[in-house]
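Hi,

Here is the structure I said I would pass on.

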Amino acid sequence: MKVYTGRGDEGLTDLRDMTRVSKTSQRIEAYGTVDEVNALIGTIRPTGYDDVDERLESMQNHLHVIQADLANPDPDDDDPQIRAEHVEQLEAWIDEADDELDPLRSFILPGGSESGAKIHHARAVSRRAERRVVALATEEPINEQVVAYLNRLSDALFTYARLVNKRDGVPESAPTY
């Protein structure tokens with residue numbers, strides 16, 4: 001399989017069902033932003049913490065499923081789709097990581113150690129991906145679990161940024177007003 005085909009040279013691309021759409025369509029923007037989150041998470045690993053790295057890799061796999069899900073405007077039950085159990089898995093990981101953290105008492109400034117700051121960056125982009133998917137959902141039907149997953153993903157990334165920073169001995173900073 002060649003990396004290049006030339007089929008996109010005129011600003012169009014194929015969806016999974018081979019429908020040709022503009023590269024500026026909301027659907028392409030949505031799964032392209034999910035791809036950006038996935039790539040950012042890839043820049044974070046390895047963090048130096050095997051448990052965090054395993055979770056981040058699983059999140060990347062979930063994001064790949066979301067991209068396939070969003071690229072398919074008319075999925076069958078056999079097609080890759082994000083499901084409620086993926087969202088529940090994120091919630092369990094958040095709760096598990098949160099048990100190791102001090103209670104959150106205020107907003108915190110994103111940053112910290114190199115890995116912590118990168119996770120915060122991925123969190124911010126995951127919020128943008130969520131907004132893009134919500135915009136798509138106002139125009140076309142999508143799998144509602146995608147929005148739930150992306151909403152929970154940003155919470156998970158926030159929690160893992162805090163966790164990595166704590167393990168690295170980097171204190172959290174609250175904003176000043």
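Let me start with Gln-67, which sits in helix α2; helices here are DSSP runs of H or I with at least four residues, strands are runs of E with at least two, and both are numbered from the N terminus. Gln-67 counts as buried because its relative accessibility is 14% (buried is under 20% relative accessible area, exposed is over 50%, partly exposed is in between, with a 1.4 Å probe and protein chains only). Not counting residues up to four places away in sequence, Gln-67 touches Tyr-31, Val-34, Asp-35 and Asn-38, where contact means heavy atoms within 4.5 Å.

Before you go further: this is a predicted model, with local features needing pLDDT of at least 70 and side-chain atom pairs counted only at pLDDT 80 or more, while totals for chains, interfaces and linings use all residues. Residues are numbered from 1 along each chain as its sequence is written, and side-chain values use heavy atoms, with hydrogens and water left out.

Now the core. The largest nonpolar core has 41 residues, and Met-59, Leu-63, Ile-66, Leu-70, Tyr-149, Leu-150 and Leu-153 touch the most other members. Two or more residues each come from α1, α2, α3 (84-98), α4 and α5, and α5 gives the largest share, 10 residues. (Such a core is a set of buried Ala, Val, Leu, Ile, Met, Phe, Trp, Tyr and Cys residues joined through side-chain atoms within 4.5 Å.) Leaving out residues up to four places away in sequence, Leu-63 touches Val-34, Val-37, Asn-38, Ile-41, Tyr-149, Leu-150 and Leu-153.

In α5 you will find Thr-159, which is buried with a relative accessible area of 7%. Apart from neighbours within four places in sequence, Thr-159 is in contact with Ile-94, Ala-97, Asp-98 and Leu-101. Thr-159 and Tyr-4 are 155 residues apart in sequence and 39 Å apart in space, C-alpha to C-alpha. Glu-29, in helix α1, is 103 residues from Arg-132 along the chain, yet their C-alpha atoms are separated by 6.8 Å. Glu-29 counts as partly exposed, at 36% relative accessibility.

Arg-45 and Pro-46 are joined by a cis peptide bond, with omega about 0 degrees, and Pro-46 lies in the loop between α1 and α2. Met-18 has a positive phi, near 70 degrees; it lies in the loop between β1 and β2 (20-22) and counts as exposed at 54% relative accessibility.

Last, the largest pocket holds about 310 Å³ of space. It is lined by 13 residues, and Val-3, Thr-5, Arg-7, Thr-13 and Asp-14 are the closest to its centre. A pocket here is an open set of points on a 1 Å grid over the protein atoms alone, where a 1.4 Å probe fits, with protein on both sides within 12 Å along at least five of seven lines; lining residues have an atom within 4 Å of a point. Strand β1 (residues 12-14) gives the most to this lining, with 3 residues.

Cheers

Conventions: Points joined across faces, edges and corners; volume = space filled by probe spheres on them.
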